[in-house]
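Visitor: I'd like to learn how to read a few features off a model. Could you walk me through them one by one?

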Amino acid sequence: MAAAVHDHDEHVVPNGTRFARSIHRTQTTPPGLRMRLTTVKKLRLIAAWCLGLYLAHMYVRMGWIKFDPNGFWTPAFERWGYPVWLRWLVGGIEVAGGLLLLMPWVASYAASTLGLVMVGAWVTRMRDARFVDVAWITVYCVALVWIAFEWWPFRLYRGGRVEAGRSAA
């Protein structure tokens, strides 16, 4: 009877193209799909989602204003010698990436893509000697790496399956 209670507490992370969601394990679940979500892991995922919510708001807001030809970013990109299309591309990536941070099954990809954009921002601000901005960008990069790490087991199109009974700590 105690083993049945333990099995009921085990969660499943679906593999494949369906979005990742925790569901209770059944006897028909293929053995390669089981992953134990500990209380600590659940709390870390909640924290990663909350941080992702904050960053999503920030990136959507900051990306959206890059489309304004009279906004702050237009003369900044001109001063740095970047073409207009790059400002639009960065703005589009920030808006899309910010929205995708809210979806656990693609949050790792969104965080990784936003991290690459932030590396470009870091280099630009370092060349411009804006060291306070460099420090903040570094903090955002670390946060994005952490979000990508936490949501990595839940991503779409992962190559392998989670091992049977493997604990996700």
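Visitor: Let's start with alanine 129: is it buried, partly exposed or exposed?

Guide: The general idea is a set of cut-offs: buried means under 20% relative accessible area, exposed means over 50%, and partly exposed is in between, with a 1.4 Å probe and protein chains only. Alanine 129 has a relative accessible area of 46%, so it's partly exposed. Keep in mind that this is a predicted model, where local features need pLDDT of at least 70 and side-chain atom pairs count only at pLDDT 80 or more, while totals for chains, interfaces and linings use all residues. Residues are numbered from 1 along each chain as its sequence is written, and side-chain values use heavy atoms, with hydrogens and water left out.

Visitor: Where does alanine 129 sit, and what is its phi?

Guide: Alanine 129 is in the loop between α5 and α6. Its phi is positive, about 60 degrees, although the residue is not a glycine. The element names come from DSSP runs numbered from the N terminus: helices are H or I with at least four residues, strands are E with at least two.

Visitor: How many helices and strands are there in the protein?

Guide: Six helices and four strands. Along the sequence the pattern reads α-β-β-β-α-α-α-α-α-β. As for burial, 38% of the 169 residues are buried.

Visitor: Next, salt bridges. How many are there?

Guide: The rule asks for a side-chain nitrogen of Lys or Arg within 4 Å of a carboxyl oxygen of Asp or Glu. That gives six salt bridges here. One of them joins aspartate 128 to arginine 79, with the closest N and O atoms 3.5 Å apart.

Visitor: Which parts does that pair tie together?

Guide: Aspartate 128 lies in the loop between α5 (104–127) and α6 (131–151), and arginine 79 is in helix α3 (residues 73–79), so the pair ties together parts that are 49 residues apart in sequence. Aspartate 128 is partly exposed at 28% relative accessible area, and arginine 79 is exposed at 52%.

Visitor: And which salt bridges does aspartate 133 form?

Guide: Aspartate 133 pairs with arginine 125, the closest N and O atoms being 2.3 Å apart; both of those residues are buried. Aspartate 133 also meets arginine 130 in a salt bridge, at 2.9 Å from N to O. Arginine 130 counts as partly exposed, at 40% relative accessibility. Elsewhere, salt bridges that share partners join Lys41, Arg44 and Glu150 into one network.

Visitor: On to the rings. How many aromatic pairs are there?

Guide: A pair of aromatic rings is described by the distance of the centres and the angle of the planes. Rings of Phe, Tyr and Trp (its six-membered ring) pair if their centres lie within 6.5 Å; planes under 30 degrees apart are stacked, over 60 edge-to-face, and the rest tilted. The count is nine aromatic pairs. Among them, tryptophan 73 and tryptophan 80 make a tilted pair, 6.3 Å centre to centre with 50 degrees between the planes. Tryptophan 73 is buried at 10% relative accessibility, and tryptophan 80 is buried at 13%.

Phenylalanine 77 and tyrosine 82 make an edge-to-face pair, with centres 5.9 Å apart and 65 degrees between the planes. Phenylalanine 77 is buried at 7%, whereas tyrosine 82 is partly exposed at 23%. Ring pairs link Phe72, Trp73, Phe77, Trp80 and Tyr82 into a cluster.

Visitor: Which ring does the charged end of lysine 66 sit over?

Guide: For this, NZ of Lys or CZ of Arg must be within 6 Å of the ring centre and within 35 degrees of the ring normal. The charged end of lysine 66 sits over the ring of tryptophan 73, 4.1 Å from its centre.

Visitor: Last one: which residues have the most contacts inside the largest nonpolar core?

Guide: In soluble globular proteins, nonpolar side chains tend to be buried together. A nonpolar core here is a set of buried Ala, Val, Leu, Ile, Met, Phe, Trp, Tyr and Cys residues joined through side-chain atoms within 4.5 Å. The largest has 22 residues, and those with the most contacts inside it are Leu55, Tyr59, Leu101, Met118, Leu144 and Trp151. The elements giving it two or more residues are α2 (39–64), α5 and α6. The largest share, eight residues, comes from α6.
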